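I opened my notebook for a friendly walk through a new model. Here is what I looked up, entry by entry.

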Amino acid sequence: MKKSQSAEDYLECILLLSRETEFVHRVDVARKIGVSQPAVQKAVRILVENGYIECDGMHIYLTTKGKNYAEEIFDRHCTIREFLTLHGVNSKDADEDACELEHVVSKVTFDMMKDYVQKHK
C-alpha cells in the first residue's frame with residue numbers, strides 16, 4: 001500500500017482503541033477521528049484489502065502486519081512529540097504537530113530526533 005496519512009491515522013486510532021478495549025467498533029473509530037461512518041467504512045475496506053485489519057462484521061482487529069505498522073506510526077508520533085517538548089513546545093501543540101509530522105518526516109530526520117530523545121530523557 002502506498003503511504004497514506006489517512007490510512008496511517010486510522011491504523012494508529014485502531015491501535016490506541018484496541019489498547020483501551022477488547023473490541024474496536026467502527027463507531028468508536030469515527031468518534032475518535034471525528035469522521036463519518038461512511039468514511040470509516042471506506043477506510044476499513046481499504047485496510048482490509050491491504051491486509052492491515054480484519055473484520056468479523058462488528059469488530060475490527062489489526063493483523064500482525066497492521067499492528068506492526070500501527071506501532072511504528074505511534075512510535076514516530078511519540079518520539080516527535082517528545083522531541084518537540086524537549087525543545088520547549090507546549091504539550092498540546094507538540095501533540096498536534098506530531099500528528100502531522102509523523103507522516104512526512106524523513107527517516108534521516110526521524111532517526112536524529114529519536115537519537116536526541118534517547119540521549120536527553
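Before counting anything per helix, I noted how elements get their names: helices are DSSP runs of H or I with at least four residues, strands are runs of E with at least two, and both are numbered from the N terminus. I also noted that this is a predicted model.

**Entry 1: the largest pocket**

I started with the largest pocket, whose volume comes to about 220 Å³. I then asked which elements give two or more residues to its lining. They are α1 (5-20), α2 (26-33) and α5 (91-104). Helix α1 gives the most, with 5 residues.

Sorted by class, I get 5 charged, 4 nonpolar and 1 polar residue.

**Entry 2: the strands**

Next I looked at how β3 (residues 59-62) pairs. Strand β1 (residues 24-25) runs antiparallel to β3, joined by 2 bridges. On that side I found His25 with His59 of β3 as its bridge partner.

Strand β2 (residues 53-55) is also antiparallel to β3, and here I have 3 bridges. Ile53 stands opposite Leu62 in β3. The hairpin of β2 and β3 has 3 residues between the strands, and I flagged Gly57 there for its positive phi near 105°.

**Entry 3: aromatic pairs**

How many aromatic pairs does the structure hold? I have 2 in my list. One is Tyr52 with Tyr69, a tilted pair at 5.3 Å centre to centre with 40° between the planes. This pair links distant parts of the chain, since Tyr52 sits in the loop between α3 and β2 while Tyr69 is in helix α4, 17 residues apart. I checked accessibility too, and both Tyr52 and Tyr69 are buried.

Phe83 and Tyr116 form an edge-to-face pair, with 5.4 Å between centres and 75° between planes. Phe83 belongs to helix α4 and Tyr116 to helix α6 (residues 107-120), so this pair ties together parts 33 residues apart in sequence.

Are these two partners buried or exposed? Phe83 has 12% relative accessibility, so I put it down as buried. Tyr116 is at 26%, so I logged it as partly exposed.

**Entry 4: Thr79**

I stayed on helix α4 (residues 64-86), which also holds Thr79. Is Thr79 buried or exposed? Its relative accessible area is 8%, so Thr79 is buried, the cut-off for buried being under 20%.

What does Thr79 touch, once residues up to four places away in sequence are set aside? I noted Phe110, Met113, Lys114 and Val117.

**Entry 5: Lys42**

My last stop was Lys42, in helix α3 (residues 37-49). Its relative accessibility is 51%, so Lys42 counts as exposed, given that exposed means over 50%.

I also looked up a C-alpha separation for Lys42: Tyr10 is 32 residues away along the chain, and the two C-alpha atoms are 11 Å apart.

Definitions and conventions:
Residues are numbered from 1 along each chain as its sequence is written. This is a predicted model: local features need pLDDT of at least 70, side-chain atom pairs count only at pLDDT 80 or more; totals for chains, interfaces and linings use all residues. Side-chain values use heavy atoms; hydrogens and water are left out. Buried means under 20% relative accessible area, exposed over 50%, partly exposed in between (1.4 Å probe, protein chains only). Contact means heavy atoms within 4.5 Å. Two strands pair if DSSP finds at least two bridges between them. On a 1 Å grid over the protein atoms alone, a cavity is a set of points where a 1.4 Å probe fits but cannot get out, and a pocket is an open set with protein on both sides within 12 Å along at least five of seven lines; lining residues have an atom within 4 Å of a point. Grid points are joined across faces, edges and corners, and a volume is the space filled by probe spheres set on the points. Ala, Val, Leu, Ile, Met, Phe, Trp, Tyr, Cys and Pro count as nonpolar, Asp, Glu, Lys and Arg as charged, and the others, Gly among them, as polar. Rings of Phe, Tyr and Trp (its six-membered ring) pair if their centres lie within 6.5 Å; planes under 30 degrees apart count as stacked, over 60 as edge-to-face and the rest as tilted.
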